[in-house]
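Try each task before reading its solution.

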Amino acid sequence: MVLRDWGTMIHKEILESFGHRRFLTVFALAALLTGVLPVLSLAHAHAHALGGNLTLFRAIYVLLAAVIVVAQTAPDLVLHERVGHTLDYVLTTRLPDGAIFGAKLVVAAASGYAAALLALAVQLVLTALVGHSGWSWLFLALPMGRVAVFGITAGLSVYLAVVGTFVALRIGEQRTAYMATMLSVGVIIAPFALGWLTLTLTTSWISQAAVVFGAVAVVLAFVGLSLLRRERVVLYLQE
Amino acid sequence: MDELVVECHGLSRSFGNHQALAGLDLSVPRGSVFGFLGPNGAGKTTTVRLLVGLLAPSAGSVAVLGMDPVGEGGRVRARCGVMLDQVGVYDRLTAQQNLEFAARVARLAPRTARERVDALLHRVDLWDRRHDNVSGFSKGMRQKLGLARALMSEPDLLILDEPTAGLDPANIVMVRDLLVSLAEESLSVFLCTHLLAEAQRICDTVGILQAGRLLAVGAPGHIGQQGLPAARLALSGADGRAVRLPSGAALSPLSGGEWRVTMDHGDDIEAVVAALVQAGIGVRAVIPEAVSLEETYLKLVGGDGPA
């Protein structure tokens, strides 16, 4: 029964998101731009031999697609319900708290992940066509690329979905909520920028980082869902 | 009619230093239409939120359909249909999709859901617009859709917060007729409304709330009539004010030899007439004056119109 409630809410969120032009535009633009831009830069890559960093270079674009889409979608799923007072309605139904807010996290994170995979597909196809070197350019062939794309993107999408949902519940203003969610990526980058952690471009290091980050994101999602209780949200909405 | 759908004892809720609801005692029998009246900030919405378990009481107790909304919130909400003052329909979905979502929330079987969605679209006169996005709907159409959504689960208790707010007269009549037909089906309704005339027409019982306190509760025709006009009297002879009248009764002169009698006990007009006749004053006519709910409301709330 609980799964059915989650299904009800997820179905509604998908129906609303994909019926909304803004969501579709952001999704398509993010996937296309992050798919096309690194391949256009590839012409330079031939000349300047980015070498081993090429995989990371492309993976960053894939991650960027997830960041852009989740940072828009997660706050939007909450904000348009706040503005339209549908959140007030849904809180008066028999749906459990977990389903109401969990569905938003799932749909926001899945949207970002889907956009990242689409960006990856665009990169692969364009690389094969533009590079004139067949499918050997598929950076997925490198284990580091696989881990970065599939593992870290998933963790990043979940992390941003949790942050975006919370931010939108506390900040009712759309633009501020988008910016705050986007800037939360800085929390992940900060330890590297401050020299507390060192980025090492090895498959082993990237794999471990993906596992740790994924675990942190999942724990964050569970903690977030346990905090998102009706009584608390009603008081947020009343403020 | 014996079973209570809502029962509150000393129900209170405060937010910081602000006391939104103070010691509410209320009983709503099954099958009745209860009207909850009061100006903005009186505590009506807080009461609705307490009834459906969205807020916990600061003090006192509340039972809805015999259950505790805080401890059994899911079960209470499953058996209540709620329409808030901000109706909150999904703009990006069509009218039909809105109701289909409500049907899924109510865990209806697919076939039952289809039948009920169709029936409710017909009932609120939105069948022809069922495939239109709600973003293009007028306020009245949204209210009707919200009402249909609240009825989707065939609730035991319908809680409506200002269902006619902002509607044009034709839609007010439509909503009122719908509420009357629901009342005839013995559905229990808890109705917060601004429209006193509608409350007088629809409700079996009304309660008047101000600043978190229940000022009066009773049938719309009899609630809080102490000190309100009971009748006009056509007198002949001396000044009626010199006569010793029953306790709580008072006379004030009108034009043309007529007097208005106000009373604390509406049934004692005969005693007033007897006292006047005994004092040698002729009573040529007694014209009962009906007291509207609006007059009662304004007297109790102190001149603030319903917000």
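Domain bounds here come from an automatic or database domain assignment. The model is a predicted one.

**Exercise 1. Find the domains of chain B and state how far apart their centres lie.**

Step 1. Take the assignment for chain B. Domain 1 covers 4-218, and domain 2 covers 228-290.
Step 2. Compare the C-alpha centres of domain 1 and domain 2 of chain B. They lie 44 Å apart.

**Exercise 2. Describe how α2(A) packs on α6(A).**

Step 1. Two packed helices are described by an angle and a distance, both taken between their axes.
Step 2. Locate the helices in chain A: α2 spans residues 21-40, and α6 spans residues 97-130.
Step 3. The angle is about 35°, and the axes are 8 Å apart. The crossing of α2(A) past α6(A) is right-handed.
Step 4. List some contact residues. α2(A) contributes residues including Phe27(A), Leu32(A) and Val36(A). From α6(A) come, among them, Leu118(A), Val122(A) and Leu126(A).
Step 5. Sort the contact residues by class. There are 13 nonpolar and five polar residues, with no charged ones.

**Exercise 3. Which helices of chain B each supply at least two residues of its side that touches chain A, and what classes make up that side?**

Step 1. Count the residues in contact. Chain B gives 21 residues and chain A gives 21 residues.
Step 2. Name the helices of chain B. α2 (73-78) and α3 (95-105) each supply at least two residues.
Step 3. Pick the main contributor. α3(B) has the largest share, four residues.
Step 4. Sort the side of chain B by class: eleven nonpolar, four polar and six charged residues.

Methods. Residues numbered from 1 in each chain as written. Chains lettered and ligands numbered in written order. Predicted model: local features only at pLDDT ≥ 70, side-chain atom pairs only at ≥ 80, totals over all residues. Axes fitted to C-alpha atoms, helices over the stretch in contact; angles between N-to-C directions. Left-handed = near helix turned anticlockwise from the far one by under 90°. Contact = placed C-beta atoms within 7 Å. Nonpolar A, V, L, I, M, F, W, Y, C, P; charged D, E, K, R; others polar.
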